[in-house]
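Let's walk through this one together, going chain by chain and then looking at how the parts meet. Have the structure open as you read.

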Amino acid sequence: MQNHIRLGVDIGGTFTDVVLEVGKDQFSTKVLTTYAAPENAIIEGMHQVCSKAGVALDAVSQIIHGTTLATNALIERRGAKTALITTQGFRDVIEMRTESRFEQYDLNLTLPEPLLPRQHRFTLSERMDAQGNVLIPLDRAEVEALADQLAPMGFESIAVGLIHAYLNDAHEQMIRDVLVEKLPGVMVSISSEVSPQMREYERFNTTVANAYIKPLMKSYLGRLKGRLAEEGAVCPIFLMHSGGGIISLESAAEFPVRLVESGPAGGAVFAANIAARYGLNKVLSFDMGGTTAKICLIKDQTPKTARVFEVARTYRFKKGSGMPISIPVIDMVEIGAGGGSLAHVDAMRQIRVGPESAGSEPGPACYGRGGSRPAVTDADLTLGKLDPDNFAGGSIKLHSDASNAALNELGAPLDMDALTAAYGLAEVVDENMANAARVHAVENGEDLVDYTMIAFGGAAPLHAGRLCEKLGVKRLLVPTGAGVGSAIGFLRAPFSFEATRSVYMKLSDFAPVTVKTLLSDMETEATGFVRTCDATAPIHSEFKVYMRYTGQGWEIPISLTADQAMNPDPATFQALFEAEYEALFGRTVAGMDIEITVWAVNATTDAAVADALTATPDESNAAVSGERDLFDPALGKVAKAAVVLRDSLVPGAVVQGPALITEDETTIVVPTSRSAIARPDGTIDITEVQS
Amino acid sequence: MSNVAYQVMWNRLISIVEEQAQALVRTAFSTSVREAGDLSAGVYNAEGQMLAQAVTGTPGHVNAMADAVAHFIRRIGRENIFEGDVYITNDPWEGTGHLHDVTVVTPSFHNGNHVGFFACTAHVVDIGGRGFGADAASVYEEGIYIPIMKFVERGTVDETLIRIVRGNVREPDQLVGDMYALATCNEIGQRRLAEMMDEFDLSDLGGIGDFILDNSRRATLERIAGLPQASADGGMTIDGFDAPIDLRVKLTIEKDRMICDFAGTSGLDKKGINVPLVYTKAYACYALKCAIAPEIPNNAASLAPFEVTAPVNSIVNAVHPAPVALRHIIGHMIPDTVYDALDKILPATVPAEGAGCLCNFQVSLRPAPGHNGTRSEVLTFNSGGAGARPTVDGLNATAFPSGVMTMPIEATEHTGPVIIWRKELRPDSGGAGQYRGGLGQYMEVGATDGHEFDFSAMFDRVDHPARGRQGGASGAPTTIARDDGTPMQGKGKQFVADGTRVVLGLPGGAGYGPATARDPELVKRDLIRGYISAASAIKDYGFDPQTVTDILETVARGETA
């Protein structure tokens, strides 16, 4: 890889980040996302970084691309005219959701509309049972009649989701065959391929989402390939998927729903690569931007993955207010806490922060653009974390008086002055993020105390130090390139594809031959996808089964070695499950049968080898450029903080907290309880000072 | 302690109880808990006052949970509370209203001192007796009764209790698994609390408890003080088991409290649909909180200003040994009753009547004579339509006041030889109005070949559909029959033979305001989507037949978005 010239591109909501890597050198830029034709921003950014690096476009050997376009199309409902074909009696599954209200106390609650209106959902007489046996056979003539009915209606894409199709896909396949034959040009997505998982609402919704964005993404990816070729960049293009790996452009066009959340997945891969460089096996990645914060657990240098997540939340980021997508995904929590998050005092005289955000217009009060309500950034300014004259490299002048006025107003009902209100605001938002991290850790059976935090994103370095104090995390790394972390992460991701199946098997009824065959078939399928990306690289497979006590509803993932997968033995499975269950919930349940519900095989090339970290030279004192009053929430008072320019730090330079390490994009706050040292790769390494 | 520190701790306690509830969902065995979210969890100070409660699917547990710990303290005795203890009960009157709710309380110790309690409750699928249904004549027939007692003492599980429980229920593994899950979730809460107390160097929960309770009390009283001081009567008649039931309430708003008195309500029913007062309190209180103080979290102080009274042995204040298994049917109707009164004091605030109670049923499957097969108990939760609101339509097939989730039918079919043949919206079931009532749903339930079953129905609104408000029309009533046309009752256990299905029409919510005032664009949308039929567009909303025909043709041509 060393001689390759590779390009990572992340299309975000506001900016398109482009990173070019030439050997060990990195060149990056941010250009505004061009919604009408997103490929234009890529081309522009590519020209910029290539000219910085002095290489021609045709010298680029590989482009890795991730994008929020798929997510945004779902959020903004900009997908294609799509139909759903489902089992008779189940026309409204995607509309009836869970039949519950995600906010219990709001009498005027409205639920999000389904992706497809009811008149675009059609049914066929057919049925499988819960063992995958046919209860009602599907009549091909009925399918043909439906295809004739659909033909003049102008659908660009059709989703097919049948009850229990994850166990037996014969009927879905037949429907697809008929549609392909009778409606050429219409794209078809079937649930047994898109998301072969039990639970009809999640599976149907995922399939519909895939169908809904498929024409858009397919056309975009086709255009992108063409535009790049016109510009002379004829190298292969790969796509980052939500599970943290890379797939071919063709696979991405077939299963575009797998691109949802690819940007944040890149951020997690970025953090995982830093973790590898530092040899860290327990890492919490913390990404905080303008409106949200994302937190992810990275164990053994691999981000935690999950099988289902929720996109397009419509109600204060509340769980349940979006729609479920069940695909392999990097498991992270996202909460409405960012620099722009606004604060208010509620009826209980408690300060609440977010998820409402000031955005960039009008922005926090201190931007002086008409915002009058206090945002997290206002608190950060009043607490002394930000320099009003040097925000965003001095390009935005911050107005301290506006922040103070807004904070005074916030604090008035609590008898708090602006500084105390800022303290309260910052503590509440930091506590919200800490709670999200704690809950996420507990759900994964982890204790954060021996974890290291890796922080990136514009607002993270301002809050990460305090978060570490709250979580008892002793070490914090703030790497360089944090502003374009996701795009760098794309360049570190392996080629990978995860195949999953829902097949129920009790350990009391364990069939080793069936298991071996199943896992082998899945390995072949997943490996096949990866082979389309790279014909020669060694591919290894990661085997995972989801197990539970028979009768439970939630499975826990159990990793198997290749040997355990290919020589399956129920005693081993039981021992692995019980150990994991005990770690998660404190005790096992005696005498209960155990079952496997979902099988997963992830075929992957090796992750990028992290650049070895050279030894840090002898410690030296950092050059201090000034001093500023900084409120330290752990002490509950103002302290004199040294101000240090990040650019001036040489490897080995030490900064004792309280201190502020400033750079154009952000400021790293080093609390009084911590001390920072600059590493040879530019990372700022912040650790707890033994008191 | 600074105000800021207390704010942080309050946030933390709420996070801890949510975590506690989440742990229960992940470890529970009963589908009612793990799929539907029928559970609750809370943290208490050493006096037994509730400081925080997880927001889960069940308002019915709200006050019951707030009161429960005091009963445990009284029954166990303070002198018998030890570190490592876990207590349990399913007492309907000292727990949460029926034997199927198992409540587990764990005293919380920090540095050797007793500082508080964690409690949680879950609805289990089977507790023995006649099985979950309305058929019992007294609580003795409804299942095994576990008085408030120690499940674990100083870390040692009471194996005698486990054996007795195992011997008395149909799904012993599931129930015992759930008992452990309840204990585990309290343990997780306890662990987090200890960490918080270490971090803030607390020796007890006195300071933070006062902070929470003082602020909650003040916020609630401010809301009540802002209401008109007035009194109004409300009422609703529903099916009952054999005879219709009148629910009557007098709502009085004073400057510092709100009182619901259910005098005038019908007496006890012979069958198990009676309601312990604690459950009535929960739903009355929930209804009022939604209307006037939705964002104030539940705790001892925020609940205190809501007072609920009812004559002893009225159906909403059943005492031992009345049968109470299906107390949710009447309980879920309490909010609509209270809203009938509140609407007279605070107009344009509350919704029209909705389906009210969850449309649940339990299926007891067994092999038909001469066949081999499996026996299984399958419980499902389903919802009719919610009532229209003053400015927006009612929610389709969505529970109110309960907040539990339905189970995926694919998950349900994995629990036994049951087949759900249909589960989809029921057009024309939402009451017409300026704002339309939410649609109910159709369901069809059968068994795999060679199985027969008892169908335990738990429906209301067969004879008393949801009534509209301000000129809105009623929602559609519940319908129930076998697919061979033989009728069935809305409540009670009924036999269904091999090869026969139960066909259900779950009720719709009522409309708000006159149908003539409905925005024609919304009528058109409803027609396009098939929420209403052509006939309804013409009859209820005054569309002319040609317009309706034209609209339906655009649908057939695929010209509608």
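Start with chain A, which has 17 helices and 36 strands; helices here are DSSP runs of H or I with at least four residues, strands are runs of E with at least two, and both are numbered from the N terminus. Before going further, a word on the ground rules: this is a predicted model, where local features need pLDDT of at least 70 and side-chain atom pairs count only at pLDDT 80 or more, while totals for chains, interfaces and linings use all residues. Residues are numbered from 1 along each chain as its sequence is written, and chains are lettered from A and ligands numbered from 1 in the order in which they are written.

How is chain A built overall? Its C-alpha trace spans about 80 × 60 × 55 Å along the principal axes. A compact globule of 691 residues would have a radius of gyration near 26 Å, and chain A agrees, with 26 Å. (That radius is taken over C-alpha atoms, and the globule rule is 2.2 Å times the number of residues to the power 0.38.) Of the 691 residues in chain A, 56% are buried, meaning that 20 or more other C-beta atoms, placed from the backbone, lie within 10 Å of the residue's own.

Now move to chain B, with its 14 helices and 19 strands. Its radius of gyration is 24 Å, close to the 24 Å that the globule rule gives for 561 residues, so chain B is as compact as a globular protein of that length. Buried residues make up 63% of chain B. Its C-alpha trace spans about 80 × 65 × 45 Å along the principal axes.

Chain B is divided into domain 1 (3–217) and domain 2 (351–518), with 31 Å between their C-alpha centres. The contact draws 18 residues from domain 1 of chain B and 19 residues from domain 2 of chain B.

For a close-up, find helix 4 (residues 159–166) and helix 5 (residues 172–199) of chain B. Which residues meet where helix 4 of chain B contacts helix 5 of chain B? Ile162(B), Val165(B) and Arg166(B) in helix 4 meet Pro172(B), Leu175(B) and Val176(B) in helix 5. Five of the residues in this contact are nonpolar, none is polar and one is charged.

Finally, bring the two chains together. Their contact takes 62 residues from chain A and 74 residues from chain B. Helix 12 (418–443) of chain A gives the most to the chain A side, with 11 residues. That side of chain A divides into 27 nonpolar, 19 polar and 16 charged residues.

Note on methods
Two residues are in contact if their C-beta atoms, placed from the backbone, lie within 7 Å. Ala, Val, Leu, Ile, Met, Phe, Trp, Tyr, Cys and Pro count as nonpolar, Asp, Glu, Lys and Arg as charged, and the others, Gly among them, as polar. Domain bounds come from an automatic or database domain assignment. A residue is buried if 20 or more other C-beta atoms lie within 10 Å of its own, exposed if 12 or fewer, and partly exposed in between; C-beta atoms are placed from the backbone.
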